[in-house]
Amino acid sequence: MKTGKNTRYTIIALVAFALLLVAAEFLFDAFLKRVFNLCAIYAILALSLNLVNGFTGLFSLGHAGFMAVGAYTCALLTMSPEKKAMNYFLEPIAPWLANVQIPFLPALLAAGLVAALFGFLIGAPALRLRDDYLAIATLGFSEIIRVVITNLQGITNGAQGLKGLPAYSTTFVVWGVAVLTTIFMIFLMRSSFGRALKAVRDDEIAAEAMGLDVFRLKVVSFTTSSFLAGVGGALLGHMITTIDPKMFTFMLTFNILLIVVLGGTGSISGSVIAAVVVTFLMELLRFLDGPMNLIVFKTDGLPGLRMVIFSILLMIVVIFRQRGLMGNKEFSWDMLAASGLLPKRKAGSGAEGKEGGHA
């Protein structure tokens, strides 16, 4: 397709996206708006996990822990002293946290940085492991973080969690962060650092033989991924306006991993598309967990049936299309034109056609 036509399609898509954000903020009901905003948060989390699993070739299962660190950090920094006093009724909050309150954007950045610090401290020893051992180690660290949060009563309020968080995660905020994360990932993967990560993923021994510091690349990738996970966890907490340790179990990591696998490990656009599709499907299929009367099939309620369906879907994708929806490819207008969803440029038209006529 012509570059001018691609530019025109891009402008139309951006305008349509901006109009959709305005409609979501002012016209959607509370439930639909929450699902729509959850798509953006899941896109951020899927991109963060894809950075490690898809682009670096590491198998990490510890993202829920970094999300918890980010969520609690941002919540403790943005809650007013009055809200903190209301939450900490079993044991008083630590004095050095009682009167701390800063604006949301610095707190969001701090949440990412604290999660990145945890990612570095965990990644430095754990990334010397490989394959299943690394997955088990990161999963273990994630559970350790959750247990520690549950028992730090004076800091995290323990199992009671934190309630009454300011609702800062509006439509424009979460989708703005999602767009910035996507742009960051695009530029990162096009840089020399991104190409080095792909080299490590494709053949770690060959990459090391070429002079790449493989361990340093892994640690930086893992730390950056932890930063994005912390930001995503903070946005999630301020959208729901309540957090507790039970939110950040392995099931949350599984949901993000499901999005990455379905979208395509190694595809930025695949993660974003799959985040939207999976998030809406999870809500549309929620009726499966409740009572059903389908004439030949009747239940009083099967909690978890929805996740069984998604697990089966994941198995089907792993068996029959291991590369996911997009594989390691990225979305383009030429791809839509080749599939027949957009009109193709007529053969012989334009400058190329004129040159062909002269030949």
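This is a predicted model: local features need pLDDT of at least 70, side-chain atom pairs count only at pLDDT 80 or more; totals for chains, interfaces and linings use all residues.

Me: How is the packing of two helices described?

Reply: Two packed helices are described by the angle between their axes and by the distance between those axes. Here, helix α13 (residues 250-263) packs with helix α14 (residues 268-284) at an angle of about 125°, and their axes are 8 Å apart. That angle makes α13 oblique to α14. The crossing of α13 past α14 is right-handed.

Me: Which residues of α13 and α14 make the contact?

Reply: From α13 come N255, L258, I259, L262 and G263, and from α14 come G270, S271, A274, A275, V278 and M282. By class, the residues of this contact are seven nonpolar, four polar and no charged.

Me: At what angle do α9 and α14 cross?

Reply: Helix α9 (residues 171-190) and α14 cross at roughly 155°, with their axes coming within 10 Å. Because angles over 145 degrees count as roughly antiparallel, α9 and α14 are described as roughly antiparallel to each other. In this contact, W175, T182, M185, I186 and M189 of α9 meet I268, V272 and V276 of α14. The classes here are seven nonpolar, one polar and no charged residues.

Me: Where do nonpolar side chains tend to lie in soluble globular proteins?

Reply: In such proteins, nonpolar side chains tend to be buried together. In this model, the largest nonpolar core has 77 residues, and those with the most contacts inside it are Y42, L162, W175, L235 and F248. Helix α2 (residues 30-53) gives the most to this core, with 12 residues. Another core, of 13 residues, lies apart from it and has A196, L197, V214 and L217 among its members.

Me: What is L162 in contact with, leaving aside its neighbours within four places in sequence?

Reply: The partners of L162 include Y72, L76, M79, Y88 and I243, and also N157 and T241.

Me: Is N157 buried or exposed?

Reply: N157 has a relative accessible area of 2% and is buried. T241, at 24% relative accessibility, counts as partly exposed.

Conventions: Residues are numbered from 1 along each chain as its sequence is written. Side-chain values use heavy atoms; hydrogens and water are left out. Axes are lines fitted to C-alpha atoms, for helices over the stretch in contact, and angles run from 0 to 180 degrees between N-to-C directions. Helices (H or I, at least four residues) and strands (E, at least two) are DSSP runs, numbered from the N terminus. Angles under 35 degrees count as roughly parallel, over 145 as roughly antiparallel, 65 to 115 as roughly perpendicular and the rest as oblique. A crossing is left-handed if the near helix is turned anticlockwise from the far one by less than a right angle, and right-handed if clockwise. Contact means heavy atoms within 4.5 Å. Ala, Val, Leu, Ile, Met, Phe, Trp, Tyr, Cys and Pro count as nonpolar, Asp, Glu, Lys and Arg as charged, and the others, Gly among them, as polar. A nonpolar core is a set of buried Ala, Val, Leu, Ile, Met, Phe, Trp, Tyr and Cys residues joined through side-chain atoms within 4.5 Å. Buried means under 20% relative accessible area, exposed over 50%, partly exposed in between (1.4 Å probe, protein chains only).
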